[in-house]
Every structure is written in C-alpha cells, then in structure tokens.
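Reader: I'm new to this and would like to learn how to read a protein model. Could you walk me through one, feature by feature?

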Amino acid sequence: MRLGADAIVFTRANRGSSVTLSVGLLSYTFLRRTMKDDIVVPMLDFKIQDGHIVPLVYGSQGDWDSSLKIILDWSPFSSKEELLQQFEDIVGHGTKVAIYNLWMNDDGLLELDFEDDDEASLHTDILLRDQEKASGGVSKAQKEIVQQHISHRLRFSLRAYTSILYLKKFENFQIILRGKPVEQIRIADELKFKKVVTYKPQVAHDSQVLSVKVDVGFAKEAPILGIFGMNVYHKNRLIMPFWKVLQEGSSRGRSVVGVLEANFIEPAHDKQDFERTPLFIRLEAKLRQIIIDFWKEKCHLIGYQPVDPQLRSQYKAALKDSGHPGPKSQQKASTHRKTGGHTSNLLPETYDDIEIVGLTANGAGSRVQSFGQAQGSSMEPAGLDENSVDIGSDGILDPNFVEKLSEENIALFTRREELRQQDTQLRRTVGELEQQLEETKRKCAQLAADLQIYVL
C-alpha cells in the first residue's frame with residue numbers, strides 16, 4: 001500500500017493431487033469511492049478438475065459472483081478469462097502481486113521512476129524519483145565514487161537494495177528485476193583489512209551462550225568514501241543497512257563498515273528497525289566499541305596518523321630516520337588534503353614508487369620496520385597483508401605537519417562557530433527590523449485614515 005493504491009494477488013497452490021487457484025483484491029480506490037465503512041477484500045477460488053478450471057465455491061454462489069464483479073470492475077482485468085491468464089506463468093506453485101494506481105508526488109509525477117536509470121535505455125531498475133544527492137569528495141571522480149557506492153544507491157534503487165537484502169548467497173531462488181537478474185553483493189567480501197570480532201550477548205541467565213561473528217573492515221574505497229556503519233541482518237534478511245552507531249562529524253571511524261547477523265533480537269513489524277530493548281541497546285554499545293577499537297588499531301593503514309601514542313612516536317622516528325623531505329614533498333606538505341568534504345589528518349600522498357616503511361598494528365606490541373628489514377622477513381612489499389601498509393619516504397612531511405594541521409583545523413572550527421553566531425545574530429536583527437517595519441506601516445495607515453477623516 002506504500003507503493004500504490006491498489007493490489008491484486010494471484011496464488012497457485014498444490015496440495016497433493018489438488019490444485020487451487022486464488023485471486024484476491026485489496027483496493028483503496030474501491031473502498032474510498034464506494035464509501036465502505038469496513039475493509040472489504042473480494043476473493044475468488046478455482047480448482048483444476050479433469051483438466052478444466054472450475055469455480056470453487058466455499059460460501060454461496062451469490063457471494064462468489066459478487067466478488068467476481070467487484071474484481072472485474074476495480075482491477076485492470078475485464079473478464080474472468082483475463083484473470084485466469086495470469087496463472088499461466090506460475091509453474092507448479094507461487095504467488096504474483098500486481099500493484100497499480102501508483103502514488104504520485106506533489107508535482108503530479110510517479111514517486112517511482114521507471115526511466116531514469118544509469119543503464120540508459122535498458123531500464124532495468126526501479127528508482128525513487130526524489131532521490132538525495134550524495135555529498136562528499138572534492139573532485140568529480142571522488143563524488144562519482146560516493147554516488148555509485150551501495151550505501152548511497154540503496155536509498156533509492158530497488159536493484160541496489162535487493163542486491164544486499166540477504167546475507168547468505170542465493171542458492172535456491174533468484175531475484176529478477178525488470179527482466180535482469182539481481183547480482184548479489186556480500187558486503188563482508190568488499191572490505192579491506194578485515195577483522196572478525198566475536199560478540200557473546202547476554203540473552204538470558206538460563207539460556208545457552210550465544211556467539212555472534214562481526215566482520216569489520218574498511219570500505220575498499222577508503223579513505224575517499226566517508227560512509228561508515230554496521231549492516232545488521234536478522235535470520236539472513238537485512239534489517240538495518242549502514243547503521244551509524246557513531247555520531248557523524250568526526251574522522252574517528254571513517255570508512256569502517258561491519259556486517260553481522262543478530263538473530264537474538266527481534267525486528268520491528270516493518271523489518272526496518274529493531275525493538276528498542278535493553279538487549280538492543282547493549283548491542284549498539286558493543287558495535288560502537290568495535291568500530292572505535294578497529295579505528296585505533298588500523299586507521300594508519302588507510303593513511304591517517306596512528307592513534308596509539310607509541311605507534312605514533314615510532315612512526316615519527318621512522319620518518320626522521322628515512323631522511324629529509326625534498327622540494328616536491330615540501331610542496332605537498334603545504335597543501336591540505338581533503339577527503340569526503342573534511343579537512344582530515346590524512347598522511348601525505350606518497351604511496352607510489354617509493355621506499356617502504358612497514359607498520360604493523362598489534363596494539364602495544366606494534367613495531368616499525370624499515371624497507372630493508374621488511375625484505376629480510378617473510379613480508380613482501382608487493383603483497384602486504386591486512387596488518388601492514390606502504391608509506392613512502394620520498395616526499396615525507398616534516399615532523400610538525402600533523403600538529404600544524406591540527407592547529408589549523410581548530411582555528412577553522414572556531415571561525416565556523418563565530419560565523420554561525422554572527423549569522424544567528426543577523427537573523428535575529430532582521431526579524432526585529434521586519435517587526436518594526438510592520439509596526440511603522442500600521443501606524444502610517446492609521447495616520448492616513450485619520451488625515452482623510454480630518455480633511456472631510
């Protein structure tokens with residue numbers, strides 16, 4: 001009913017040697033125009049007998065005939081034969097739902113857009129017409145990455161939403177949208193530097209101990225893609241996509257994405273949220289901690305300065321030992337990098353054709369290795385695992401760059417707050433002046449009326 005005013009359902013069922021065909025109509029248009037006080041749902045039943053389709057009457061023949069007339073009057077089908085034709089493509093058993101009289105927006109256009117599709121004339125998707133424009137990224141290429149990511153497209157694309165709707169791989173069914181199969185996307189397979197965290201929720205004292213696996217990692221587009229959040233499934237079905245358990249506006253947790261199946265909590269009736277129970281609140285707190293811990297441990301792998309003080313000091317020491325920056329690097333050091341619309345604490349763009357410093361993120365036991373040490377170990381520069389990263393020394397920042405950048409960020413935020421306060425004050429002043437203007441106009445009108453009376 002959210003998509004359109006009316007829906008008609010065709011169902012074919014096999015029970016042993018008995019085959020039944022059923023038709024049901026749920027029509028808001030019919031109920032409204034006939035001013036029904038109760039919800040009336042006309043239904044028809046048929047059975048296949050000796051190779052022929054014959055009516056199956058449970059009540060009286062009059063009721064059956066009345067239901068047929070209502071369905072033919074208020075559906076797209078004008079005869080009983082046209083209704084029965086709808087069962088021809090239902091092989092064995094199955095259900096078909098046809099929704100019509102789709103809702104319009106305020107401009108008189110269909111809310112669902114069947115034409116505006118990235119695949120040009122193929123039109124293999126169904127979109128929400130009034131879709132939000134993705135923000136983030138400073139260049140055209142970066143904005144395109146953000147706009148094409150599943151976290152943005154699922155908000156308005158039915159194909160994108162159904163591609164992540166189920167956690168496990170499609171095995172005994174297929175989703176076909178407008179003639180083209182939906183290609184499944186497993187979010188956990190799209191992560192880099194992935195880590196698996198085990199969570200044991202306290203469901204009840206007398207119940208067995210549950211163990212939930214949480215896949216967490218960086219989006220493969222990190223750090224350009226600023227989206228973060230947890231994708232929570234319930235019994236294989238997606239309930240909350242990219243759930244922001246952290247507040248936005250901070251670089252902490254940027255690009256961190258997680259996936260888990262939470263069968264121990266109950267979803268809401270619309271399957272778009274969970275009931276706000278104490279168990280759910282504890283889950284939210286745990287997922288928030290998982291993202292924070294993962295960020296602290298591995299944020300340097302996507303170019304951010306290490307959070308751990310010991311790792312940060314080791315990194316600075318490695319920078320000093322690797323030599324002084326050249327003219328090219330000094331130019332880079334003076335340029336602020338922006339990602340996803342934020343001035344960030346990202347390290348410089350020095351990842352190509354350069355000497356490598358391997359950083360391993362293992363908490364307090366983290367250590368810094370030079371390129372020569374890395375060659376002597378089992379870690380190869382061409383194929384670093386998820387616990388290492390390539391950071392260049394040709395064009396390395398001076399040691400004070402991060403501190404300078406942080407100070408400039410603070411200054412910018414302070415300036416922004418000052419401008420916000422000025423804007424608020426100006427709006428208040430404008431409002432007061434408008435009130436004074438209206439009062440002056442009223443007085444002028446009163447004086448003009450008094451003057452006219454005096455002249456007469």
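Author: A patch is made of residues with over 30% relative accessible area and no salt bridge; like charges are joined within 9 Å, and nonpolar side chains (Val, Leu, Ile, Met, Phe, Trp, Tyr) within 5 Å. The areas come from the Shrake-Rupley method with a 1.4 Å probe, and for residues only the protein chains shown count as cover. A salt bridge is a side-chain nitrogen of Lys or Arg within 4 Å of a carboxyl oxygen of Asp or Glu.

Here's the case: Met1, Leu26, Tyr28, Ile39, Val41 and Met43 form a nonpolar patch on the surface, and together they have about 600 Å² of accessible area.

Before we go on, this is a predicted model: local features need pLDDT of at least 70, side-chain atom pairs count only at pLDDT 80 or more, and totals for chains, interfaces and linings use all residues. Residues are numbered from 1 along each chain as its sequence is written, and side-chain values use heavy atoms, with hydrogens and water left out.

Reader: Where is Met1 found? And is Met1 buried or exposed?

Author: Two ideas first. Helices (H or I, at least four residues) and strands (E, at least two) are DSSP runs, numbered from the N terminus. Buried means under 20% relative accessible area, exposed means over 50%, and partly exposed is in between (1.4 Å probe, protein chains only). Now, Met1 sits in the segment before strand S1 (4-15), and with 51% relative accessibility Met1 counts as exposed.

Reader: How many helices and strands are there in the chain? And what share of the residues is buried?

Author: The chain has 11 helices and 18 strands. Of its 456 residues, 38% are buried. The chain exposes about 27600 Å², and 52% of that is supplied by carbon and sulfur atoms.

Reader: How many salt bridges does the structure hold?

Author: There are 14 salt bridges. Take Asp113 and Arg129, whose side chains meet at 3.9 Å, N to O. Asp113 lies in strand S6 (residues 112-113) and Arg129 in the loop between strand S7 (127-128) and helix H4 (140-148), so this pair ties together parts 16 residues apart in sequence. Asp113 is buried, at 7% relative accessible area, while Arg129 is partly exposed at 28%.

Reader: Which residue forms a salt bridge with Arg288?

Author: That's Glu284, with the closest N and O atoms 3.7 Å apart. Arg288 is partly exposed at 30%, and Glu284 is buried at 15%. Salt bridges can also link up: Lys195, Glu297 and Lys298 are joined in a network.

Reader: How do I read a pair of aromatic rings?

Author: You describe the pair by the distance of the centres and the angle of the planes. Rings of Phe, Tyr and Trp (its six-membered ring) pair if their centres lie within 6.5 Å; planes under 30 degrees apart count as stacked, over 60 as edge-to-face and the rest as tilted. A search of the whole structure finds 15 such pairs. In one of them, Phe10 and Phe87 have ring centres 5.6 Å apart and planes at 85°, so the pair is edge-to-face. Both Phe10 and Phe87 are buried. For Phe170 and Phe173, the centres are 5.0 Å apart and the planes at 50°, so that pair is tilted.
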